[in-house]
Amino acid sequence: MKITIMTLFPEMIEQCISHSIMGRAIQNGIVNIEAIDIRKYSGNKHNQVDDYPYGGGAGMLIRAQPVKDCYNAIEKSHNTRVIYMTPAGKVWNQKLAEEFSNEKEIIILCGHYEGIDQRVIDDIVTDEISIGDYVLTGGEIAAITITDSIIRLIDGVLGKKESFEMESFSDNLLEHNHYTRPRVFEGREVPEVLLEGNHKKIEQYRREQSLRNTAIKRPDLLEKANLSICEKEYVKNFLE
Ligand code: ADE
């Protein structure tokens, strides 16, 4: 998969993607992530990409032309999706991460200052995405967030040890709790059932934990979860 990120701060992206699992996926050639500096396409000798908004108001806007020229310089197919990171977009979630992880290539556009001239957004953007109902100083951190959540779903990116088969949000339930050695930590014991080696009992215990965690921490998710009649009764114990 190829992800091209259009930004005024390519170093921010390069720093973040070069470590841990994302860094390894790039090294192994599973994903190709490139940050392109919109400023290179300023078209003027001062490398200025912003200008005052028509109609007045605070702040500066990124001009349409550098963004369009930057976009034109990217090698892509005619149907490549272009995501614009904006707090006004659709709120990102695991389902969207799964959807985008099936694309061969994606372009992500990061805004800064007060935003980008609407005409180039209308021209090139296919999807407007927000990572939550708060405002960041720019789209870079949001772009890295969605990139991370997409590429970890691509075949071969996670090792067996990091497998995502049983993880938060699969089937709209939160994960069960996890424990490792030692058996007793500052007086707190690992639940007995995990030490007994009865895999059926362990599976059931973990399912109950997962239901309990979801009911307590994210009851809103339960509506979309696939629960048996018994499980629906069970979660009622933890709902107010
Ligand atoms: N840019 C500024 N705030 C943002 C947000 N919440 N999500 C995506 N991009 C943004």
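A polar contact here is a pair of N or O atoms within 3.5 Å; within protein, one must be able to donate a hydrogen and the other to accept it, and residues adjacent in sequence count only if both atoms are side-chain atoms. In this predicted model, local features need pLDDT of at least 70 and side-chain atom pairs count only at pLDDT 80 or more, while totals for chains, interfaces and linings use all residues. Numbering runs from 1 along each chain as its sequence is written, and side-chain values use heavy atoms, with hydrogens and water left out.

On to the ligand. A nitrogen atom of the ligand sits 3.0 Å from a backbone N or O atom of L136. For a polar backbone atom of Y134, the distance to a ligand nitrogen is 2.8 Å, and for a backbone N or O atom of T86 it is 3.2 Å. Of the 260 Å² of accessible area that the ligand has on its own (Shrake-Rupley method, 1.4 Å probe), the protein covers 96%.

Residues around the ligand (a heavy atom within 4 Å of it) include M85, P87, I131 and A142. The shell splits into eight nonpolar residues, four polar and no charged, with Gly counted as polar. Strand β5 (a DSSP run of E, at least two residues) provides the largest share, three residues.

Then there is helix α3, residues 64-72 (a DSSP run of H or I, at least four residues), whose buried residues (under 20% relative accessible area, 1.4 Å probe, protein chains only) are P66, V67, C70 and Y71. Seen down the helix axis, they fall within an arc of 135 degrees (taken from the directions from the axis to the C-beta atoms), so they line one face of α3. Their cover (heavy atoms within 4.5 Å) includes β1, β2, β4, β5, β6 and α5.

Notes: Buried means under 20% relative accessible area, exposed over 50%, partly exposed in between (1.4 Å probe, protein chains only).
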